[in-house]
Amino acid sequence: MKTHPRALPPAFLTVAAVCCTVFAWASAFVSIRSAGAAYSPGALALGRLLAASLALVTLLLLRREGLPPRGARRGILLSGLVWFGGYTVALNWGERLVDAGTASLLVNTGPILMALLAARLLGEALPPRLLTGMAVSFAGAVVVGLSMSSGGHGSTSVLGVALCLLAAVAYATGVIAQKPALSFGTPLQITTYSCLIGTVACLPFTGQLVAELPRAPLSATLNMVYLGVVPTALAFTTWTYALARMPAGKLGATTYAVPAIVVLLSWILLGEVPAWLTLLGGLLCLAGVAVSRYRPRAQKAADARAPQAAGTQGR
């Protein structure tokens with residue numbers, strides 16, 4: 001008798017998608033440091049989105065998913081303009097004017113805004129456990145930001161702070177726009193067409209990219225391509241996969257793990273040994289994510305019984 005391999009549980013796939021997104025987005029901070037030294041903010045954004053679009057369109061054609069349904073198009077348009085286009089340029093520009101620690105702190109106000117917008121516009125609940133976890137993680141992000149900016153190597157400007165806050169707003173707005181669109185289209189469709197919209201929005205930077213590409217070192221160009229393929233094409237697809245299966249506010253809280261992973265990757269890849277205060281902040285970030293994701297055993301059992309009860313009533 002032929003046996004078929006058991007499918008992986010949906011909950012496991014969702015957690016795997018979240019972990020992939022968080023690690024990929026954390027690695028982006030390391031790559032941006034290299035590519036940003038050779039490319040201006042707009043050129044880096046366009047190059048990154050071009051690489052991502054090529055990878056995503058190829059995958060979309062292979063899977064034959066086609067155009068997104070009409071109901072998803074408004075969310076795709078807003079997400080593409082605000083998140084893929086606006087966020088990428090604003091963050092690239094902001095990190096030229098403020099140090100990495102301050103930028104990380106400012107951008108990490110995004111999940112808080114995301115949870116508030118999700119509660120107001122999408123009707124999502126704000127359970128005390130989520131709010132507590134976000135508070136702990138935000139405290140950790142503050143500690144990481146202060147510890148990384150205390151060395152005096154970076155500079156802070158009003159414009160840089162404003163750009164990083166603008167990036168945080170774009171991040172939160174893009175997620176809230178994506179959530180309803182996922183009721184109509186697949187994660188790959190939403191990601192691909194949002195990325196294409198963002199690429200079109202960044203086309204005015206074509207002249208800068210063409211002028212800077214021949215002068216840029218190979219390592220910077222490879223990092224730009226990596227930013228497009230992994231933190232954008234792959235991670236945004238796994239993000240939309242998870243977003244279709246869990247509340248936006250709760251998913252946003254998981255990205256508080258990014259500063260902690262950035263510290264770890266900088267330690268491993270760049271040889272930057274973190275101070276004890278930075279390590280403490282990273283642990284607080286991870287602890288907050290754990291608190292926001294924790295569900296008591298009784299609640300897990302109730303959630304597991306709910307689909308069965310619904311199926312019984314439908315018979």
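**Terms and values**

Me: Why does Leu 280 count as partly exposed?

Reply: Leu 280 has a relative accessibility of 38%. Buried means under 20% relative accessible area, exposed means over 50%, and partly exposed is in between (1.4 Å probe, protein chains only). The value for Leu 280 falls in between, and therefore the residue counts as partly exposed. This is a predicted model, in which local features need pLDDT of at least 70 and side-chain atom pairs count only at pLDDT 80 or more, whereas totals for chains, interfaces and linings use all residues. Residues are numbered from 1 along each chain as its sequence is written, and side-chain values use heavy atoms, with hydrogens and water left out.

Me: What makes an element a helix, and in which one is Leu 280 placed?

Reply: Helices are DSSP runs of H or I with at least four residues, strands are runs of E with at least two, and both are numbered from the N terminus. Leu 280 is in helix α13, residues 276-293. By these criteria the protein has 14 helices and zero strands. The C-alpha atoms of Leu 280 and Val 143 are 7.6 Å apart in space, although the two residues are 137 apart in sequence.

Me: How do you know that Glu 65 and Arg 63 form a salt bridge?

Reply: A salt bridge is a side-chain nitrogen of Lys or Arg within 4 Å of a carboxyl oxygen of Asp or Glu. The N to O distance between the side chains of Glu 65 and Arg 63 is 2.9 Å, which means that the pair meets the limit. Side chains of opposite charge can pair when their charged atoms come close. A search of the whole structure finds one salt bridge.

Me: Are the two partners, Glu 65 and Arg 63, buried or exposed?

Reply: Glu 65 has a relative accessible area of 18% and is therefore buried, whereas Arg 63, at 54%, is exposed.

Me: What makes the phi of Arg 64 worth a remark?

Reply: Most residues other than glycine have a negative phi, and most peptide bonds are trans. Arg 64 is not a glycine, yet its phi is positive, about 55 degrees. Arg 64 is in the loop between α2 and α3, and its relative accessibility of 78% makes it exposed.

Me: Why is a space in this structure called a cavity?

Reply: On a 1 Å grid over the protein atoms alone, a cavity is a set of points where a 1.4 Å probe fits but cannot get out, and its lining residues have an atom within 4 Å of a point. Grid points are joined across faces, edges and corners, and the volume is the space filled by probe spheres set on the points. One cavity of 30 Å³ or more is found in the whole structure, and about 60 Å³ of space lies in the largest cavity. Two or more lining residues come from each of α2 (41-63), α3 (73-97) and α10 (218-243). Helix α3 gives the largest share, five residues.

Me: What classes of residue line the largest cavity?

Reply: Ala, Val, Leu, Ile, Met, Phe, Trp, Tyr, Cys and Pro count as nonpolar, Asp, Glu, Lys and Arg as charged, and the others, Gly among them, as polar. The lining has six nonpolar, three polar and one charged residues. Among the lining residues are Phe 84, Arg 48 and Thr 88.

Me: How do you know that Thr 88 is buried, and what does Thr 88 touch?

Reply: Thr 88 lies in helix α3, and its relative accessibility is 7%, so Thr 88 counts as buried. Contact means heavy atoms within 4.5 Å. Not counting residues up to four places away in sequence, Thr 88 touches Ala 45, Arg 48 and Trp 83.

Me: What makes a set of residues a nonpolar core, and which members touch the most others in the largest one?

Reply: A nonpolar core is a set of buried Ala, Val, Leu, Ile, Met, Phe, Trp, Tyr and Cys residues joined through side-chain atoms within 4.5 Å. The largest nonpolar core has 66 residues, of which Tyr 39, Trp 83, Tyr 87, Tyr 171, Val 175 and Trp 239 touch the most other members. Helix α1 (residues 10-35) gives the most to this core, 11 residues. Leaving out residues up to four places away in sequence, Val 175 touches Trp 83, Met 114, Trp 239, Leu 243 and Ala 248.

Notes:
1 Å grid on protein atoms, 1.4 Å probe; cavity = no way out; pocket = protein on both sides within 12 Å on 5 of 7 lines; lining within 4 Å.
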